[in-house]
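Subject: Structure for you to look at

Hello,

Here is the structure I said I would pass on. Please open it alongside this message.

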Amino acid sequence: MLNKFINDELPLALLWLILGLFAGLVYAVEMLGLDASMTLLSPERARSLHISQMLYGFFPLVLSLLPFVLFQKEGVLSETAVEHLRRYFVVWNLFLLFMSMALLFGNIRGLPFYDFPYQLNFLLAFSGLFYLLALIDALRRYEKRPVWVNVSLLAVIAAPIALVVLMNPDYGQVEQTLVGPHGDNTLGMSFTLIPIYYLLIKLCATREFKPRWHWLWIVPLAGYAVSLVIRNFFHSLSYNEEWFFQYLTLLYLPLLWVWLRDAGVGFRTNPYLILSIAAFVFVDVQGNFLFIPEIRALIHRNDLVVGHAHIAMGLGVAFMALSILHHLLPNLFRRVYAVVWTVLMALMAIALSVAGIIEAGGFGGTIEPFLALRAVFGALLLVMVLFIAYERLRILLDSALKRYHLIGFMSDAGGGVILILAGGALFPLLGFDFAGTYEYAVFAFMIGTGMVHWAGLHHDAPRMASLSATIRAVCASVFAALYMAGTLDGIALLVALYDGAFALVYWLLLRGSR
């Protein structure tokens, strides 16, 4: 049931991942001198889109399915709950679309973890309503609810409220902990991963699993609560106070080891989960090492820290989500991808770390070769994800009409995306005027027409082809009229000729075929 659901939702989810990785690649190349100022992917926008998609896109969306994978394992997941999840995905995907467009058009706030307009948080909170309905439906089917279920319910009820409050630009906790070493903030963020690891280990357990050594997570949680009280009601935390709270994260390491051993989970059971925990251990130890004042003074806010963040997010959190997909779709998210992904991210982190040490004056040299390596490894990772998407989306082109739809999708949807991102640079090169206003609406309409062809590739090809041809004919007539009236330049004539010809190909040659 859930396997089919995520298989159906996977193409759009992968689109957000590909978009985020592509934005990161563009930013990496821009650091080497590429001038993209005439496009929507200027350095600050590309960086913001990359980080935001990693934090709010594919990975958290997949991670949010974790309780329902466990519900399915325990036999309490119903079609009603899955339908609520489908609505939840619809609203979250709508948020990602609005967020991406806002960032591309420069509506950014310069914050590292939360750069999109505050108002979009209400879309996220609205999506949580359907998530809560799905959760309640599953809970009703338990005679006696396990502890982990009650914890999940509490988290889902509290999350939308916390989201709107903590992200508030005037009094939100997130913006109050952006300056300084924020060791207590690291403690809080690390703690949020522990219950997720618990649920993942429970999901993958090969024998009965009962967690032990609870004091190893209770002490850090109590420490985080104390840090919040001190920061918000007494005074800003001193460096030594933050350092103390930071070191409490080391208590998580023996806890995870004991849980894995008790559950009988190893690399063969779920390689993504083991590699995720290995990345968490590395980042925890490295982060505490980097907190030493003499070391932090040299390397903070340079590329060594960027490499640290890439391991934390690109392996630790990313593989949490991918461990769920490996459990649900093992033939698609295979072990080999886990190994290749890990190698590429490790090489990228090494290149960034060396660049950071050079920036800190640790030894001589220039950072450009290592930044180039970062871009190369990022490009290879993007190619691998594109290959995974290709394996999932592979379509049998067994008719002329399907080939017609594929060409229409690639030209309109693909062309529309390229023009939205780079139309400001391409139009002047081709000798056309570019106002940077109505053109973007036209490009968005192109993408919409391309999506009609996408629908035709999957079902009811004749009807979708007829619909797309009608849309193209209407558009062609309007652009032709605007060109002949002298309102628009030659680009209008090109659009009219292209859309008119594409519609005629269907009406004259393909209508009646299937």
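This is a predicted model: local features need pLDDT of at least 70, side-chain atom pairs count only at pLDDT 80 or more; totals for chains, interfaces and linings use all residues.

Helix packing

Two helix pairs are described here. Helix α5 covers residues 79-104 and helix α6 covers residues 121-139; their axes come within 8 Å and cross at roughly 170°. Since an angle over 145 degrees counts as roughly antiparallel, α5 is roughly antiparallel to α6. On the α5 side the contact is made by Thr80, Ala81, His84, Leu85, Arg87, Tyr88, Val91, Trp92, Leu94 and Phe95. These meet Leu123, Leu124, Phe126, Ser127, Phe130, Tyr131, Leu133, Ala134 and Asp137 of α6. By class, the residues of this contact are 14 nonpolar, 3 polar and 2 charged.

The other pair is helix α18 (residues 400-429) with helix α21 (residues 490-510), where the axes are 12 Å apart and the packing angle is about 170°. That angle makes α18 roughly antiparallel to α21. From α18, the contact takes in Ala400, Leu401, Tyr404, Ile407, Gly408, Ser411, Asp412 and Phe427. From α21, the residues are Ile491, Tyr498, Phe502, Ala503, Val505, Tyr506 and Leu510. The contact of α18 with α21 divides into 12 nonpolar residues, 2 polar and 1 charged.

Two buried positions

His84 lies in helix α5. Its relative accessible area is 16%, so His84 is buried. Apart from neighbours within four places in sequence, His84 is in contact with Phe130, Leu133 and Ala134.

Ala279 sits in helix α13, residues 271-290. With a relative accessibility of 5%, Ala279 counts as buried. Gly314 is 35 residues from Ala279 along the chain, and the C-alpha atoms of the two are separated by 9.2 Å.

Aromatic pairs

How many aromatic pairs does the count come to? The count is 32 aromatic pairs. In one of them, the rings of Phe126 and Phe130 have centres 5.3 Å apart and planes at 70°, so this pair is edge-to-face. Phe126 and Phe130 are 4 residues apart in helix α6, a separation of about one helical turn. Phe126 is partly exposed at 41% relative accessible area, whereas Phe130 is buried at 15%.

For Tyr498 and Phe502, the ring centres are 5.6 Å apart and the planes are at 50°, so the pair is tilted. Both residues belong to helix α21 and are 4 residues apart, about one turn of the helix. Tyr498 has a relative accessible area of 34% and is partly exposed, while Phe502 counts as buried at 10% relative accessibility.

Ring pairs also link a cluster made up of Phe5, Phe68, Phe71, Tyr88, Phe89, Trp92, Tyr131 and Tyr142.

Cysteines

A disulfide is a covalent bond between the sulfur atoms of two cysteines. The count here comes to 0 disulfides, the cut-off being sulfur atoms within 2.5 Å. Cys204 counts as buried at 7% relative accessibility, and Cys475 counts as buried at 16%.

Regards

Methods. Residues are numbered from 1 along each chain as its sequence is written. Side-chain values use heavy atoms; hydrogens and water are left out. Buried means under 20% relative accessible area, exposed over 50%, partly exposed in between (1.4 Å probe, protein chains only). Axes are lines fitted to C-alpha atoms, for helices over the stretch in contact, and angles run from 0 to 180 degrees between N-to-C directions. Angles under 35 degrees count as roughly parallel, over 145 as roughly antiparallel, 65 to 115 as roughly perpendicular and the rest as oblique. Contact means heavy atoms within 4.5 Å. Ala, Val, Leu, Ile, Met, Phe, Trp, Tyr, Cys and Pro count as nonpolar, Asp, Glu, Lys and Arg as charged, and the others, Gly among them, as polar. Rings of Phe, Tyr and Trp (its six-membered ring) pair if their centres lie within 6.5 Å; planes under 30 degrees apart count as stacked, over 60 as edge-to-face and the rest as tilted.
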